[in-house]
Amino acid sequence: MAKYILQRVVMIFISLFIIVSATFFMMKAIPGDPLTSERSVSEEIEQQLRAYYGLDEPLFIQYVKYLKSVATWDFGPSMKYKAQTVNDIINDGFPVSALLGLEALFLAIGMGIILGVIAAMFHNKVPDYISMILAVIGMSVPNFLLAALFQYYFSLKLGILPTAGWGDSFEQTILPAFALAALPTAVIARLTRSNMLEVLQQDYMKTAKAKGLSRLVSTFKHALRNALLPVITYLGPLIAGVVTGGFVVEKIFGIPGLGMQFVTSINNRDYPLIMGTTVFYSIILLVMVLIVDLLYGVIDPRIKVSGKGKGGE
């Protein structure tokens, strides 16, 4: 197990290095820079700003300094928010995104598993059709469109929930959480349904039924655990995505989270903030994938045994 974890950690560092390098050179490949639009300053002040941010140095020197800043977790000052560093912006925005994301995560897992189990238990019947129609809608309609529809119907037409805002009441989190949870709910529901249908046909399920266990007990006691393995695979990128915020959803609802800051940084061409948030998101994603790999062995011990026998592959 220790060797397996070490291999995965090495892979994380290699992947992170590739992501950091690709992000840096893609940003530098964009014509111009954040100071190009600063027409109100003199040429002398612009040169001083370029020197301050290191934009006047050779590309390789900028790259080495950026790698050093990532290694020391110091992304430097923001180019647009003059009084803040990128670390300050991440520290302020991430807790907001994480809170919204966790709420969306609980909704997605709960609703997705329930819909998937209902669809599998009532295969080719009305509950199955209704569950899958909802799943198709969740996968087909973009979350920003759902967010706009929620705002129009629940806020403007019915007036029962706030249109936007954050921090004043729990009600402000409901609409963005449901908009953010729609797609993962649909994916989890479809994964759960397809795997539950397969598991319910296994011999041990027939044996459990022959022993007199009720359909409900045998489904939740024996079938659900094995059917959730593919769902757990999806949870890695899902958790990383929701806890760092829905970029467009946060923008629509005016939520001051990390996702909204990322969108703003792109519009402002704020290099340090774009690259800092990208690195932060990548680290969370890679760590979540590692945790999911380890959870596999907890949920299904056969995977742990085979992992030891094959060098963790």
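Select Phe75. At 7% relative accessibility, Phe75 counts as buried (under 20% relative accessible area; exposed is over 50%, partly exposed in between; 1.4 Å probe, protein chains only). This is a predicted model, with residues numbered from 1 along each chain as its sequence is written. Local features need pLDDT of at least 70, side-chain atom pairs count only at pLDDT 80 or more, totals for chains, interfaces and linings use all residues, and side-chain values use heavy atoms, leaving out hydrogens and water.

Trp73 is partly exposed, at 36% relative accessibility.

**Aromatic pairs**

The structure holds nine aromatic pairs. Rings of Phe, Tyr and Trp (its six-membered ring) pair if their centres lie within 6.5 Å; planes under 30 degrees apart count as stacked, over 60 as edge-to-face, the rest as tilted. Now select Phe24 and Tyr66. Their ring centres are 5.7 Å apart and their planes at 25 degrees, so this pair is stacked. Colour by helix (DSSP runs of H or I, at least four residues, numbered from the N terminus). Phe24 sits in helix α1 (residues 2-29) and Tyr66 in helix α3 (residues 59-71), so the pair links parts of the chain 42 residues apart. Both ends are buried: Phe24 at 2% relative accessible area, Tyr66 at 8%. Go back to Trp73 and Phe75, which pair edge-to-face, 5.0 Å centre to centre with 65 degrees between the planes.

**Two helices**

Show α4 (residues 86-121) and α7 (residues 171-199). The two helices pack at about 35 degrees, axes 6 Å apart. Axes are lines fitted to C-alpha atoms over the stretch in contact; angles run from 0 to 180 degrees between N-to-C directions. The crossing of α4 past α7 is right-handed (near helix turned clockwise from the far one by less than a right angle).

**Nonpolar cores**

A core is a set of buried Ala, Val, Leu, Ile, Met, Phe, Trp, Tyr and Cys residues joined through side-chain atoms within 4.5 Å. In the largest, of 36 residues, Ile113, Leu180, Ile188, Leu224, Leu238 and Phe253 touch the most other members. Elements giving two or more residues are α4, α6 (143-157), α7, α9 (215-227), α10 (229-243) and α11 (247-253).

Centre on Leu238. Setting aside residues up to four places away in sequence, Leu238 touches Leu105, Pro184 and Ile188 (heavy atoms within 4.5 Å).

Last stop: a second, separate core of 27 residues, including Met27, Phe262, Phe280 and Ile284.
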